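The following report concerns a single protein model. Please consult the sequence and coordinates shown below alongside the text.

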Amino acid sequence: MPNSSKLFKVLVPLTSVLAGLVVGAIVMAIFGYDPFLNYASLFTGALGDANAIGETLRELTPLILTALGFSIASTAGFFNIGGAGQALMGWMASVSFALNFSSLPHWLLLLGSIMAGALAGGIWAGIAGVLKAYLGTSEVITTIMLNYIALYLSSFLVKNFLAQDQSDFSKTIPEGARLRTPFLEHLTQNSTFNYGIIISLTMVIVVYFLIKRTKVGYEYRAVGLNDKAANYAGMNVKKVIISAMVVSGALAGLGGAVEGLGNYENIYVMTSLPDIGFNGMAVSLLASGNPIGIIFSGLLFSILKIGGLSISVVSTTPPEIVDIVIATIIFFVGINYVIKIGLEKLSKKKGEG
């Protein structure tokens with residue numbers, strides 16, 4: 001079959017999504033819930049009006065950034081599980097900057113807050129990068145540990161330095177640091193959709209160009225394929241490892257900054273890590289790390305997450321059923337080799353017929 005490789009890159013994620021929806025429907029039916037009604041409610045809740053679309057796009061915004069971060073690390077051959085912690089540190093840094101430098105001109109305050117988020121995420125991931133490059137430490141272990149350090153460190157900082165009157169949350173950031181605007185709120189019927197989407201889509205273009213068209217991207221891909229061969233070819237593998245992790249973390253930090261400056265407009269004491277880190281991994285895996293594909297897979301996850309909230313409104317179905325669908329999709333993405341073999345056999349039979 002001509003262009004079969006490209007075709008399978010599209011068919012495998014589509015098959016995974018379809019399989020996830022089917023499994024979700026079967027689970028609903030087993031427990032006596034109506035899958036057709038629930039799926040109809042899900043898509044209506046995510047796309048049914050301007051407010052729903054605004055919330056879906058707002059959910060998409062940080063997912064794109066954390067997924068891009070995971071994609072960069074994956075391209076260089078690393079499994080960065082620390083996106084949640086890196087996003088949280090970016091969130092903390094962006095809100096802290098906005099609150100402590102509120103006297104700056106609006107444009108400088110917003111730019112500084114965004115850059116502070118990216119810098120904090122990059123530094124946090126860079127710790128794992130340095131340990132990987134010089135000590136050979138598994139990035140999986142270090143990033144998991146750094147996730148929980150970030151969680152408890154942020155809680156300590158919020159409670160002791162940012163919160164007021166024994167509360168568990170900081171002050172609202174000044175208007176000049178906000179990504180949400182009256183124009184977008186009016187356009188989407190008072191949703192929390194914000195200008196963070198511009199940052200996300202810009203980063204899609206930047207990351208695509210970085211990976212496909214630059215020397216740095218070539219080095220990431222070379223190290224990801226075979227670090228020993230890359231070292232033999234004269235590349236500074238240690239530098240590439242650290243660089244990839246820093247860029248990966250900076251993108252996740254941007255995701256956290258967008259949440260802090262655009263969605264919540266403050267930071268609070270969290271009892272668990274932000275979902276955007278782990279969901280961003282899933283989005284990237286579904287898109288096979290392709291920056292353009294991340295937009296579409298991120299949109300699917302946003303529809304599922306926002307629309308899933310509507311399921312329990314129109315029926316007694318628990319909204320957690322959506323998590324089963326998402327987990328199943330990732331499961332089938334994880335066994336994409338099996339799906340690919342099945343599609344190849346089906347294609348071969350059709351060709352013989």
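Glutamine 189 is partly exposed, with a relative accessible area of 46%; buried denotes under 20% relative accessible area, exposed over 50%, and partly exposed the range in between (1.4 Å probe, protein chains only). This residue is found in the loop between α7 (182-187) and α8 (196-213), where helices (H or I, at least four residues) are DSSP runs numbered from the N terminus. Glutamine 189 has a positive phi of about 55° although it is not a glycine. Most residues other than glycine have a negative phi.

Glutamate 265 also has a positive phi, near 65°. Glutamate 265 is situated in the loop between α11 and α12 (275-286) and counts as buried at 11% relative accessibility.

## Basis of the model

The model is predicted: local features need pLDDT of at least 70, side-chain atom pairs count only at pLDDT 80 or more, and totals for chains, interfaces and linings use all residues. Residues are numbered from 1 along each chain as its sequence is written, and side-chain values use heavy atoms, with hydrogens and water left out.

Which residues are in contact with isoleucine 329, leaving aside its neighbours within four places in sequence? They are Ser16, Val17, Gly20, Leu286, Leu300 and Leu304, contact being defined as heavy atoms within 4.5 Å.

## Packing of α4 and α5

Helix α4 (residues 83-100) packs against helix α5 (residues 106-135) at an angle of about 150°, with the axes 7 Å apart. Axes are lines fitted to C-alpha atoms over the stretch in contact, and angles run from 0 to 180 degrees between N-to-C directions. Residues of α4 that meet α5 include Gly85, Met89, Ala93 and Phe97; among those contributed by α5 are Leu109, Gly112, Ala116 and Trp124. By class, this contact has 9 nonpolar, 8 polar and no charged residues, with Ala, Val, Leu, Ile, Met, Phe, Trp, Tyr, Cys and Pro counted as nonpolar, Asp, Glu, Lys and Arg as charged, and the others, Gly among them, as polar.

## Aromatic pairs

Phenylalanine 70 and phenylalanine 79 form an edge-to-face pair, 5.1 Å centre to centre with 85° between the planes. Phenylalanine 70 is buried at 3% relative accessible area, whereas phenylalanine 79 is partly exposed at 35%. Ring pairs also link Trp91, Tyr264 and Tyr268 into a cluster.

Isoleucine 295 belongs to helix α13 (residues 291-314) and is partly exposed at 22% relative accessibility. Not counting residues up to four places away in sequence, isoleucine 295 touches Leu60, Ile64, Leu201 and Val204. Serine 297 lies in helix α13 and is buried, with a relative accessible area of 5%. Leaving aside neighbours within four places in sequence, serine 297 is in contact with Val283, Leu286 and Ala287.

Serine 41, in helix α2 (residues 35-47), is buried at 9% relative accessibility. With neighbours within four places in sequence left aside, serine 41 is in contact with Gly307, Ser310 and Val314.

Definitions and conventions: Helix = DSSP H or I, 4+ residues; strand = E, 2+ residues; numbered from the N terminus. Phe/Tyr/Trp six-rings, centres within 6.5 Å; stacked < 30°, edge-to-face > 60°.
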